Amino acid sequence: MAGAIEQKLTAQGIVLPEPTSPVANYVGFVRTGNLLVVSGQICFDAEGKLIAKGKLGANVSIEDGNAAARGCAINLLAQLKAALGDLDKVVRVVRLGGFINSTPDFTDGPKVMNGASDLMVAVFGDKGRHARTTIGVASLPADAAVEVEGLFEVA
């Protein structure tokens, strides 16, 4: 039987994909004590295709970037599920870090990153409210539009 968090995901039509494997010398997540750090997740959909490719402020709209950030958050949840076995073990979303592949003059990164933040609050409620950093970058792996990393308090 699925836990409360997975039931919320199902109610929103979200199916967690298999977590992606690291492509270099790192791991998908590290647990130390009651903290779980999840490596940056780019905006792959369940079929392994980028939700948005390219630069915000050039060929990617804010709406597509927002959807990409939401996709990154879904991938964070998939890594959490792999690490914990049960998403109900998440005590708090502590921090999200967002990297927005963007032109130098693009200033709406926070609007893009809301795609990830909004999903965490929708899924976890008040314990989904988190600290956040959003940074515009010159490029991301596979020319992904967005990458998101996370820090979680877990039981």
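**Notes on a predicted model**

1. **V30.** Leaving out residues up to four places away in sequence, V30 touches L35, L36 and V37. Contact here means heavy atoms within 4.5 Å. V30 sits in strand 1, residues 29-32. Helices (H or I, at least four residues) and strands (E, at least two) are DSSP runs, numbered from the N terminus. V30 is partly exposed, at 44% relative accessibility. Buried means under 20% relative accessible area, exposed over 50%, and partly exposed in between (1.4 Å probe, protein chains only).

2. **Basis.** This is a predicted model, in which local features need pLDDT of at least 70 and side-chain atom pairs count only at pLDDT 80 or more, while totals for chains, interfaces and linings use all residues. Residues are numbered from 1 along each chain as its sequence is written, and side-chain values use heavy atoms, with hydrogens and water left out.

3. UniProt, in an unreviewed entry, places "domain: Endoribonuclease L-PSP/chorismate mutase-like" at residues 6-142. UniProt positions follow the numbering used here, feature names are shortened, and annotations may be inferred rather than shown by experiment. Over residues 6-142 the chain is 33% helix and 23% strand. The end C-alpha atoms of that stretch are 29 Å apart.

4. **Core.** The largest nonpolar core holds 41 residues. Such a core is a set of buried Ala, Val, Leu, Ile, Met, Phe, Trp, Tyr and Cys residues joined through side-chain atoms within 4.5 Å. At least two residues of this core come from each of helix 1 (4-11), strand 2 (35-42), helix 2 (62-84), strand 3 (90-101), helix 3 (109-124) and strand 5 (146-154). Helix 2 gives the largest share, nine residues. L80, L96, M120, V146 and F152 have the most contacts inside the core. In soluble globular proteins, nonpolar side chains tend to be buried together.

5. **M120.** Which residues does M120 contact, leaving aside neighbours within four places in sequence? They are A73, L76, L77, V93, L96, G125, G128, H130 and F152.

6. **M113.** M113 is in helix 3. Is M113 buried or exposed? M113 counts as buried because its relative accessibility is 0%. Leaving aside neighbours within four places in sequence, M113 is in contact with A69, L96, G97, G98, R132, T134 and V148. A67 is 46 residues from M113 along the chain, and their C-alpha atoms are separated by 9.2 Å.

7. **Cysteines.** How many disulfides does the rule give? The count is zero. For C43, the nearest cysteine sulfur is that of C72, 5.0 Å away. The cut-off for a disulfide is a pair of cysteine sulfur atoms within 2.5 Å. C43 is buried, at 0% relative accessibility. C72 is also buried, at 0%.

8. The largest pocket has a volume of about 260 Å³. Among its 15 lining residues, T20, V23, Y26, G40 and I42 are the closest to its centre. Strand 2 supplies the largest share of the lining, four residues. On a 1 Å grid over the protein atoms alone, a pocket is an open set of points where a 1.4 Å probe fits, with protein on both sides within 12 Å along at least five of seven lines; lining residues have an atom within 4 Å of a point. Grid points are joined across faces, edges and corners, and the volume is the space filled by probe spheres set on the points.

9. **The loop at A142 and D143.** A142 lies in the loop between strand 4 (131-137) and strand 5. D143 lies in the loop between strand 4 and strand 5. A142 has a positive phi of about 60°, although it is not a glycine. D143, likewise not a glycine, has a positive phi near 60°. A142 is partly exposed, with a relative accessible area of 48%. D143 is partly exposed at 33%.

10. **Contacts of A142.** Not counting residues up to four places away in sequence, A142 touches I42, L50 and K53. I42 is also one of the residues closest to the centre of the largest pocket. G54 lies 88 residues from A142 along the chain, and their C-alpha atoms are 9.0 Å apart.
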